[in-house]
Structures are given as C-alpha cells and as structure tokens.
Amino acid sequence: MSILFRNVKELVLEVDEFLSTVEQGVLIFKQGVYNYLDKEEETFVENIKNIERLEAVADKLQRKIDRELYLHSILPQHASDIEEMVDKVDEIIDAAKESLYEFDVEIPYIPEVLVNDYKRLVDVSVEAAAAVFPAVTTFFREPTKVKGMLTKVYFYEKESDRLSRSIKRKLFHDMDDLKLSQKIHLRYFALHIETISDKAELLADFLSINALKFNL
Amino acid sequence: MITLLFFLSSGLFLGWSLGANDAANIFGTAVGSRMVKFKQAALIGSIFVILGAVIQGAGANATLGKLGSVSTLAAAFTVALSAAATVYWMTRLKLPVSTSQAIVGAIIGWNLYTNNQTDLHTLTKIVTTWISGPVLGGIFAALLYLLTQKILKRVRFHLFYRDLSIRLGLIIIGGFGAYSLGANNIANVMGVFTTAVQFPDIHIGFITLSSTQQLFAIGGFAIAIGIITYSKRVMETVGNTLMPLTSEAALVVVLSQAIVLFIFSSQSLSNALVSIGLPPIPLVPVSSSQIVIGSIIGIGLLKGGKQIKYKVLGQISVGWVATPVMAGIVAFFMLFFIHNVFKQNVGFTSDAQRGQVTHQSVSDSVNHIEKVGSFPKNKLEQSEQNSSVQSSFSYGWMISLLLVVVLIGVVYYFRMREKRQKALGKEKVDELENFIALKAKSLEQEMESYKAEQQTLDKELKYRQNEMVNMAMNIIRKYEIVGQIKEDINRIKKEIHDAEARQALNKVASRFSFSVMPE
C-alpha cells in the first residue's frame, strides 16, 4: 500500500511540474515574440532554445504521467479523460514553440505601425493560456470551482480574436504600401499567435465538461 | 471419510456457488472498474469469508436449526442438494434467486416430508428479515451516501489521493463485507450438516475449534474456492453492467450491505441490545444480492428516484415466494427418492418412524386376519394410529401437489412471457427488416431510373456537342471560302483597269468584308 501511496505522490508532483513547465513555456513564447518585434536577436534565439528545452521536458513528463496512470491503474475510470487533458495542455506549449519557430524561419517583415498591435495580441493570447492553468490545478482539487475560473479564459480568447481581426483589417484595408504576399504573410503570424488562446479555449471547454462529470 | 465428503459435497457445491456469485456483491464494482485487482479481491475475500464463517457463523445457524434440525447426514445432503439445484435451475430460468431463501424452503420441505413441525414463529422471523434486509440496506446506503458526500465536499482531496482513499476503502470495507458474508451466509452452506456431523474439538494454542466451527471452516474454504475460481467473470459483469455507480456510491453500497449482513449475524450485538432492554436482533441468513439492490435503490431515491428500475422490486418479491416454494418441493421429492430408492434414513420423527413400523405390522396383521379371520384389539389400535399417519402423509402430498401446480404455473407464466417477449421482438425485427428491404428496393429502382435518365441526357448532350462541332466546322469552312473569294476579287481587281468594273468589284468585296467574322 505504501508503494501505491508513493506512486500517487509522485504522480501528483509530476502533474504539478508538467503544468508549471507549460506555463513557463507560454511566458517564454511571449518574451520571444517581444524580442522579435523589438529586434533583440540574441535574446530571441536564447528564448527559442529555452522553449525547445521546456517543450522536451513537458513531452517527457506527459509520457511519464500517461504511463503511470495506466501502469498503477490510478483513477481507472477517468484515466483517459486525464490523459486527454494532459494532451490538451501539452498542445499549448507545442503551439507556442511552433509559432516561435515560424518567426525564426520565415522572418516576417512587421511594419513599425503594427508592432504594438502584435504585442497587444501576444499579451492577450498568453493571458488566456495563463488563466487556464490555475483552473487545471483546481480541477484536480475542487472540480466544483473550475467553471467560475474559466470566465477569464473565454474573455481573453474573444479579445485575442478581436485584436487579430483588427490587425487583418488594418493589413488589407489601410496598408496599401505592402505587397499582397506581405499582407498574407503577416495575417498568418496573427493567426499563429492567436492559436495559443484557441488552444486555451479548447482546454477550458474540456475542463468545464469534465468538472461536471467528476462531480456527478 | 470418503462417505462424509460425499455427503458434504452438496453443501460444498452450494458454498462454491455462493462464493462465485455473492463475492461479486462485495468486490464486483471495485474489480469491474479496475480500482482493485482481482487477485487482491480474491485473496482478501477468501481470508475474511473463512474468518467470518468460523468466528461468527453460529448465530444465524441457530435460527435455521430452530426452523428444522436436519438430523441425518443423508437428509442434510439432500436438503443442501435441493437448495443448490433450485438455485441453479432458477438461475437458468433467469428468475431472481437467493441461497438463503432456497435453504429455508428446502428445510421446510424436509419438515413436511419427515412430519416435523415447522416453527411458525421462527419462519415469520426469517421472512421478516428477508423484507427488512433490503429496506435496512436502502436506509443505511442513503445515510452513508449523504455522509460521504458531505465529507468529500469538506475535505479537499487531490483527485489522485481521493482515488487512493476510495481504493483503500473498497479493500477495507470489502474485507468487512466478506467477513459479514461468511458470518451470515455460512449457515446456508453448512447449517444443515451441524446436527448430523460431529467432529472432535481441535485445540490450536489458545483457540479451540468446535465441530460446528470446523464444518464452517470447510464451508468457508468452499466459498473461497468459488471466489477464486469463478467469481472473476461475475465481478466483471456486475462491475460493468448491473451497477453503473460512481466509486463513492459503490463504496457506500458495499458498506451498507456489510453492515446489514453483520447485524443479522452478530450475537454480541444482539446481546448488547438485550442488555439495554431492547428486543434482540433476529440472527438470520439474508440475501446479500437483495441488500445490494435495496442499497442501490436507497441511493437512487436520495437522488430523486428517476433512474430506479422499479421492476427489480417486483422481481425480488417474486423471489421471496418462488425460491422457497420451489426449493421445498424439490427437497420433498428428493427426500422421497433418497428414502425409498437408496433406503437412507432421512430423519423421521419418532411418530413418523413408528408410522413406518406400524405400516409394516398392519400388512402383517392383514395377513394374519385373512388367515385366522378375527381382529385382535391391539392390532386395531395400531391400524388406527397408522391410518392417522397415512392421512397426515396424504395431507402433505396434497399440499405438495398444490404447490407443484402453483410452481409449474409460475414457471410456465415466466416462460410464456419470455417467449412472448422474444416473439414480439422477433416480429419487430422482421417488420424492420421488411421495411429496410422495401426501402432498399425502392432506392435501387429510383437509382435505376436516374441512371436511365442520365444515359438519355448523356446521349442528348453528345448529340448536341456533335451538332455544335459541325456548326463550328461549317462556320470555319464558310469563313475560309469567303476569305478565298475575297482574295480572288482583290487579285482580279488588280488585273482589271476598267473603273466601273473595279467599283462593282469593290462593292462586292465590301459585302464580303462585312460578313466576315472579326479577327
């Protein structure tokens, strides 16, 4: 029985570590985009390396959590739900890393007038993700309180949608000096940043349904 | 020893079937939901069932003894076999069945056959517990469920720790449940043998095992073997289909079941109640399955009662009547068979035995009367006594026949209902199949007509395309001819010097240029 207790304790610690890793990854993403927009190349490269490392750690932890859930048959009736949730959390750091890679590889030209818009979009998108992590932690302890914590996520997601739309509108309506290819390129970068909040919203939906399920 | 084992075999079979089926009421949800491994459940269940049987099995056994003290080994074998056969048969017929009710019916069957008096007070006590068992289970379950919910709301467990505590609870309460099952239900398995089989006491250190306890230990092992060898399949079925409960609710159901079984088997608890001036608890074997159903209904009612299948209650009530009646009839006929075919002593009371003896002496006296033609006084008294025993037998036979008719009626009703349901289901399936076939046929026809229409359209399209191509070719040809004429006119114009002719040619040429297609 003590082995089982130890296993559960380890699993709890691993889940907490996993969440904090992903949270760090999202913050690094925000910093990375800021570095790119401010043309701080060195710190941008540094942050890409950091997010790569964090994503690898998160993947490793995810595999460990999945394995231990099934190996020690912890929460057997809900193991697949937990696994799905962990996967959805991992998708956030995956999207953040991919997005930062896109900046690194495609080196989009961002006109000075749009820098602040992009910064605002990153802020809001990362806020949505940052708001979902406490809800995940609460899900494990007090599922009843999860629903109330998700309001912020939905708010920031809507806000990031709005900002992204406004950037696209500016690009295609007001900036005649840019080529169509540049406009399309920049539109995709707004979309990449917005993906983080979309992933956070998907996780929030999942939490909201499963919190009810776990309370039944 | 082999003879003893042979006679005990029916009880051991009953124990095996009890272990195979009733262990699922304790560990079914835990194993079915993979909260507890089957090996763990089987080990804990086996150990605690034996402990419960040996330590606390005497209470319920005493009540069964009051109902009918089966005095010979052959009778005990037959009674246990009848109960086992009834349980098997009714299970095959998919009728609700309980070992406790079957053994009570079989004992009453023995009482009837051997002309023993059935203690109506004890019988009433037993029947009352059959009803009060599920009711108590429901009450306990509802209260415990409320308590569990309150505790879980107050204590903020991490989901993984909550899972761990429920798992621990399922193991500990499962152990308690197995102990109570052994204590309460061992009388069903070995109770009928306790009068007939007497072992010398065994002393192991400070512990002394009486003959009854040794018998109960053997019965406990039979139950344990049932748990180990066959309960896995039942547990997996119960865990996944019959009880779609949350882990917390499952824990509550097992606990309430264990408490009810413990209450109906604990002599000390009964004594404690008596000591404070309360009435004693009837120590009676009760059906663990019915307590589980009662517990689930209790939780269901607490949740609003929408998901409860009230049909199950009706089925339990049918079980209360059908099981003992059927077991009693089977026991009666089997005892008749064992007694008359194998000439085994099935434990007649002294009156009945006398009846048998006088029956023999009456035939002797009839022969004697025929020989001497007179009727001695003592022989006449004996024949009167004999006739009274015979009349009691015929009375028993009549009741038995009546019961057989009732039973056949009940079984026939259920079989017919099942057949009717099957037929109705088949009819519906046939109807649906016909409908699907018709629908498929009409769709095929529709498709065929569409295909034909499409073919016609294709042909027309091809024809139109050809027409268009021809038209285009004609126009191109005409254009080429006009071009050639225009060139010819130009050439002639250059060769002719007459002004009028040239003008006429120009006029003709301008007409052609007007009709020429744009370049």
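Before I go on, a word on what you're looking at. This is a predicted model, so to speak of local features we need pLDDT of at least 70, side-chain atom pairs count only at pLDDT 80 or more, and totals for chains, interfaces and linings use all residues. Residues are numbered from 1 along each chain as its sequence is written, chains are lettered from A and ligands numbered from 1 in the order in which they are written, and side-chain values use heavy atoms, with hydrogens and water left out.

So what is chain A built from? It has 7 helices and 0 strands. Helices here are DSSP runs of H or I with at least four residues, strands are runs of E with at least two, and both are numbered from the N terminus. Of its 216 residues, 50% count as buried. Buried means under 20% relative accessible area, exposed means over 50%, and partly exposed is in between, with a 1.4 Å probe and protein chains only. As for contacts, meaning heavy atoms within 4.5 Å, residues 24 or more positions apart account for 82% of those in chain A with a separation of 6 or more.

Back to the surface of chain A. A:Phe172, A:Leu180, A:Ile184, A:Tyr188 and A:Leu191 form a nonpolar patch there, with about 430 Å² of accessible area together. A patch takes residues with over 30% relative accessible area and no salt bridge; like charges are joined within 9 Å, and nonpolar side chains (Val, Leu, Ile, Met, Phe, Trp, Tyr) within 5 Å. Helix α7, residues 180–215, gives the largest share, 4 residues. A:Leu191 sits in that helix and counts as partly exposed because its relative accessibility is 38%.

Now inside. The largest nonpolar core has 83 residues, and B:Val79, B:Ile103, B:Val104, B:Val192 and B:Phe193 have the most contacts inside it. Its largest share, 11 residues, comes from helix α1 of chain B, residues 2–32. There's a second, separate core of 74 residues, including A:Ile51 and A:Val115. By core I mean buried Ala, Val, Leu, Ile, Met, Phe, Trp, Tyr and Cys residues joined through side-chain atoms within 4.5 Å.

Next stop, B:Ser288, in helix α11 of chain B. Is B:Ser288 buried or exposed? It's buried, because its relative accessible area is 0%. Its side chain makes a polar contact with the side chain of B:Asn25 at 3.0 Å. A polar contact is a pair of N or O atoms within 3.5 Å; within protein, one must be able to donate a hydrogen and the other to accept it, and residues adjacent in sequence count only if both atoms are side-chain atoms.

In chain A, A:Glu142 and A:Lys145 pair up at 3.2 Å, N to O. A:Glu142 is buried at 17% relative accessibility, while A:Lys145 is partly exposed at 42%. Over in chain B, B:Asp430 bridges to B:Lys426, with the closest N and O atoms 3.8 Å apart. Both lie in helix α14, 4 residues apart, about one turn of the helix.

Notes
Areas by Shrake-Rupley, 256 points an atom, 1.4 Å probe, with all protein chains shown as cover. Salt bridge = Lys/Arg side-chain N within 4 Å of Asp/Glu carboxyl O.
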